[in-house]
Amino acid sequence: MTTLAQPLHPAAAASPTSQRVNTLSNVAHKFGGTSMADAARIRHVAELVRARPEATQVVVVSAMSGVTDALLALAAAAAANQPWRDKFEALRQRHLDTAEELFADKAQPAKDWLTARFDELSKVLDAIAVLRGAGNGVAEAISGNGEVWSSWLLHALLRSLGADYAWCDAREVLVVRHEELGVAVDWDVTEAKLALWRAAHPQPRVVVTGYVARDENGRDTVLGRNGSDYSGAIFAALYKSEELHIWTDVDGVLSADPRIEPEAVTLSAMSYNEACELAYFGAKVIHPQTMAPAISRGLPILIRNTFKPELPGTRIDARGDENGPVKGLTLAHGLALLNVEGTGMIGVPGTAERVFAALRAARVSVVMISQGSSEHSICCVVKLAEADTARAAIEGAFARELHAGQINGVQVSRDISVLAVVGDRMAGVPGVAARLFDALARSHVNIRAIAQGASERNISVAISNDQATLALRAAHAAFWLSPQTISVGLIGPGKVGAALLDQISAAAPRLRREAGLDLRLRAILSTKYLLADERDLGANWRDRDGDFVGNDIDGFMKHLIAAHLPHTVIVDCSGSNEVAAKYPQWLAAGIHVITPNKQAGAGPLDRYRAIKAAAAQSGARFRYEATVGAGLPVMQTLRDLIDTGDELTAVAGIFSGTLAWLFNRYDGSIAFSELVREAHKLGYTEPDPRDDLSGIDVARKLVILAREAGRELSLENVAVENLVPSPLLGAGREEFMSRLSELDAPIAARLAAAKAKDRVLRYVAQLDKDGKASVGLVELPRSHTFANLQLTDNVVQFSTKRYNSNPMVIQGPGAGPEVTAAGVFADLLRVAASLGARV
């Protein structure tokens with residue numbers, strides 16, 4: 001189970017339960033199978049109950065874990081005349097070994113008692129094998145032996161430790177009837193029998209067998225699955241306990257199933273009604289029948305952890321608490337949606353009654369009902385196994401209308417789940433349903449049907465099975481049971497990627513605290529390895545070499561989306577064309593993509609169109625601010641101009657920090673090749689300086705800007721001046737570096753020509769009003785904005801219809817890992833804001 005350092009919902013706050021318990025004088029306890037699994041755990045239970053302060057104490061226990069199923073399997077094997085003795089002996093030995101561990105050299109009396117009980121069971125199984133079968137009553141009676149054995153062992157242990165406990169075999173006092181709605185207690189007869197039993201056993205503390213009882217004819221029977229919990233509630237009521245503590249292996253009732261939602265929190269309190277609603281849809285809270293004796297008597301139930309008794313657990317009572325409005329979420333699986341529709345149903349009285357009468361006659365249980373106000377259709381959710389039976393029953397009931405075309409038919413949609421959102425405080429609180437549906441819409445969950453009762457305690461939605469986990473997690477985040485959570489995967493943990501991860505790590509606590517935003521770094525992919533974590537790699541990802549596995553982009557994707565966090569973002573800090581080719585696929589799947597990689601924005605025009613189309617169709621965000629100007633707000637500014645109705649007429653700019661530095665420094669006093677060497681040594685250039693000097697990177701940035709403005713420009717349409725002489729283009733990197741001086745003469749000649757006109761050289765990208773695009777060296781007046789930059793500054797000049805005579809200029813550092821990472825991070829926060837985070 002996930003435990004959180006800080007509760008994410010008020011319901012997760014600690015309650016005063018532990019302090020209150022010490023003032024109680026009469027408490028009932030029930031311990032489940034995991035609490036009684038072996039000798040060590042039985043001893044732990046004994047120590048726990050002995051240490052408690054209440055004077056009157058009822059301790060109801062389940063069988064050791066797995067024993068009930070083993071007993072039912074023995075009965076079935078004997079009835080089918082299949083081998084059963086080996087499994088029987090294994091079960092006997094398990095209990096004898098437990099007695100040995102509990103009592104050591106004083107274990108013989110306990111072992112003798114157990115041996116006698118197992119001998120009796122062996123005779124019963126032999127009889128079943130001879131008769132080739134046994135009725136359900138016999139199998140049930142056999143299945144209750146586990147509670148008898150475990151409770152006797154616990155009682156014997158307590159007595160050996162000097163504690164005065166009585167042992168009550170519930171079959172001696174508890175009388176029940178099996179009715180259509182379940183097992184009902186004959187309270188009058190049971191109370192009379194218990195009074196007689198207590199007169200003979202006056203001890204104020206007692207160990208009781210759970211699960212077992214007798215019927216009105218005196219035959220051994222059981223209370224059904226969850227029967228030990230039911231026994232706990234029954235004996236708590238009989239003993240007039242002040243509270244019933246149900247001890248299990250979890251800290252209490254959780255806001256959602258932690259196997260689906262790791263951010264689920266333990267609830268401090270909830271009402272009987274909330275517990276019943278959650279249990280109805282499959283939450284492992286406590287069975288509503290179990291609560292019936294407690295509800296009728298106003299008896300509080302506490303769900304607590306046997307192995308963490310210091311925790312207060314979850315209190316279930318008539319009031320619950322004021323936290324909310326949503327208390328918990330749960331999913332019911334294995335369902336089908338039936339839809340009956342037709343114009344002949346409109347305004348016809350009794351149509352709904354006929355539908356549900358047909359289902360009742362076919363003994364089909366209806367999980368959920370939804371009907372449009374037009375009365376054109378009625379749909380309901382049933383168990384998948386009963387779907388065909390249900391359809392046949394409705395078709396039979398409406399055979400005449402089907403034949404006449406008044407009803408179109410009965411459609412069945414299989415593989416349906418129901419998400420239930422439960423909370424007493426939902427009633428009268430505006431916006432609860434809106435928040436739920438908005439969260440599901442943002443996660444692209446398709447709702448098939450909706451139901452909400454007049455009490456407003458439960459909103460249920462039918463969805464497809466394959467979207468169930470995503471739906472629950474999105475709803476959980478929306479109601480602040482967990483922060484707005486984004487699964488983040490990073491490709492390319494180089495200088496920019498690593499700087500970005502450091503920035504995210506530094507900002508994460510503030511974002512969680514102030515914006516409810518939880519950025520989970522769950523995967524990193526490089527050219528050599530994939531590093532992944534189910535929750536969060538965290539700030540120490542560099543130290544996790546032991547987790548590295550081979551480069552696997554498909555494994556990277558599978559891991560990112562496997563947990564179905566509400567949202568997924570891929571940050572591509574590589575320069576890979578192959579990775580950029582994946583963008584349409586990712587965006588179409590609803591995965592947001594953020595990148596400084598120029599291969600997508602400046603790559604093939606067909607791919608660019610596919611990227612934009614996929615984002616528009618799915619609603620996923622594609623953000624690429626850092627592709628031009630690093631951390632400068634170039635793309636966002638241009639986007640704002642276009643979105644507000646302005647029109648771009650021309651663009652000019654210096655888009656390479658490396659080339660800006662070179663020509664800001666180059667005045668002829670130092671050879672150009674020496675400046676290139678210095679820039680390379682300082683880390684301003686790419687490992688191969690030709691990548692900067694070629695101008696291709698600048699041309700890509702110009703293409704990206706042009707496309708953002710609606711111009712369908714391609715890289716091949718840009719006239720690019722390559723500063724590398726032709727003889728050096730094919731040379732190896734080392735050879736190129738040794739022959740750098742061959743750059744000097746051509747560029748010195750260009751500088752001399754510019755100086756003769758009192759001008760300077762700058763490497764400029766331009767797109768004119770006619771769509772002509774070029775990148776190369778130009779001569780500029782010394783008064784020009786581009787002639788007076790700070791070393792590695794980038795600058796962009798937008799000429800638009802609004803900014804015509806005086807173009808808009810954006811200038812600042814346009815290179816370096818830190819500023820580029822900041823641009824990427826800003827895009828990530830913009831995406832988070834669009835998903836509901838308060839940033």
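**Notebook: a cavity and a helix pair**

I looked up the lining of the largest cavity and found Thr595, Asn597, Lys598, Ala600, Gly601, Phe622, Tyr624, Thr627 and Ile704 there. I note that the model is a predicted one.

I then asked which helix gives the most to this lining. Helix H21, residues 598-601, does, with three residues.

I sorted the lining of the largest cavity by class and got four nonpolar, four polar and one charged residues.

How many cavities of 30 Å³ or more does a search of the whole structure find? I have one in my notes. The volume of the largest cavity comes to about 30 Å³.

I turned to helix H8, residues 187-200, and helix H9, residues 227-238. Their packing angle is about 70°, and I put their axes 11 Å apart. I therefore list H8 as roughly perpendicular to H9, since angles of 65 to 115 degrees count as such. For handedness, I have the crossing of H8 and H9 as right-handed.

Which residues meet where H8 and H9 pack? From H8 I listed Trp187, Thr190, Glu191 and Leu194. From H9 I listed Ile234, Ala237 and Leu238. By class, I count five nonpolar, one polar and one charged residues in the contact of H8 with H9. Thr190 is the polar residue and Glu191 the charged one, both from H8.

Key
Residues numbered from 1 in each chain as written. Predicted model: local features only at pLDDT ≥ 70, side-chain atom pairs only at ≥ 80, totals over all residues. Heavy atoms only, no water. Axes fitted to C-alpha atoms, helices over the stretch in contact; angles between N-to-C directions. Helix = DSSP H or I, 4+ residues; strand = E, 2+ residues; numbered from the N terminus. Parallel < 35°, antiparallel > 145°, perpendicular 65-115°, else oblique. Left-handed = near helix turned anticlockwise from the far one by under 90°. Contact = heavy atoms within 4.5 Å. 1 Å grid on protein atoms, 1.4 Å probe; cavity = no way out; pocket = protein on both sides within 12 Å on 5 of 7 lines; lining within 4 Å. Points joined across faces, edges and corners; volume = space filled by probe spheres on them.
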